[in-house]
Amino acid sequence: MLEGKGMVKETDMPEKMQRQALAAASQALDLFDVLDCISLASHIKKEFDREYGSGWQCVVGSNFGCYFSHKQGTFIYFSLEKLNFLIFKGASS
């Protein structure tokens with residue numbers, strides 16, 4: 001596991017949820033090839049949906065941009081290995 005080697009760049013998540021995000025990403029990197037960003041993101045999304053209810057989104061890659069609205073307290077953007085991870089729960093309209 002790679003826990004503790006991630007760098008949180010931006011977040012409004014509680015610390016416990018942040019640790020779970022880093023752990024889920026680390027676990028995904030243990031299970032899937034680092035180049036398989038879709039499987040990495042899918043694994044993390046499913047973990048958060050299972051733990052915190054449906055509606056989570058996850059983006060994994062080395063070069064991406066985004067613009068979104070999120071539910072307060074559910075956003076984290078961090079790097080681990082050479083990848084960036086964005087996890088959030090979409091805001092309901």
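In what order do the elements of the protein run from the N terminus on?

**Figure 1. Overall fold of the predicted model.** The order of the elements, starting at the N terminus, is β-α-α-β-β-β. The radius of gyration of the protein is 12 Å, close to the 12 Å that the globule rule gives for 93 residues, so the protein is as compact as a globular protein of that length. Along the principal axes, its C-alpha atoms occupy a box of roughly 35 × 25 × 25 Å.

**Figure 2. Burial and surface of the protein.** Of the 93 residues, 38% are buried. The protein carries 10 positive and 11 negative charges, whose mean positions lie 3 Å apart.

**Figure 3. The salt bridge between Lys45 and Asp49.** Side chains of opposite charge can pair when their charged atoms come close. The N to O distance between the side chains of Lys45 and Asp49 is 2.4 Å. Both residues belong to helix H2 (residues 37-52), where four residues, about one turn of the helix, separate them. Lys45 is partly exposed, at 27% relative accessibility.

**Figure 4. The salt-bridge network of Glu47, Arg50 and Glu51.** Arg50 and Glu47, three residues apart in helix H2, form a salt bridge with an N to O distance of 2.8 Å. Arg50 also forms a salt bridge with Glu51, in which the closest N and O atoms are 3.9 Å apart. Arg50 is exposed, with a relative accessible area of 58%, whereas Glu47 is partly exposed at 24%. Glu51 is partly exposed, with a relative accessibility of 42%.

Note on methods: Residues numbered from 1 in each chain as written. Predicted model: local features only at pLDDT ≥ 70, side-chain atom pairs only at ≥ 80, totals over all residues. Heavy atoms only, no water. Helix = DSSP H or I, 4+ residues; strand = E, 2+ residues; numbered from the N terminus. Rg over C-alpha atoms; globule rule 2.2 N^0.38 Å. Buried < 20%, exposed > 50% of the residue type's maximum accessible area, 1.4 Å probe, protein only. Areas by Shrake-Rupley, 256 points an atom, 1.4 Å probe, with all protein chains shown as cover. Lys, Arg positive; Asp, Glu negative; His and termini not counted. Charge placed at Lys NZ, Arg CZ, Asp CG, Glu CD. Salt bridge = Lys/Arg side-chain N within 4 Å of Asp/Glu carboxyl O.
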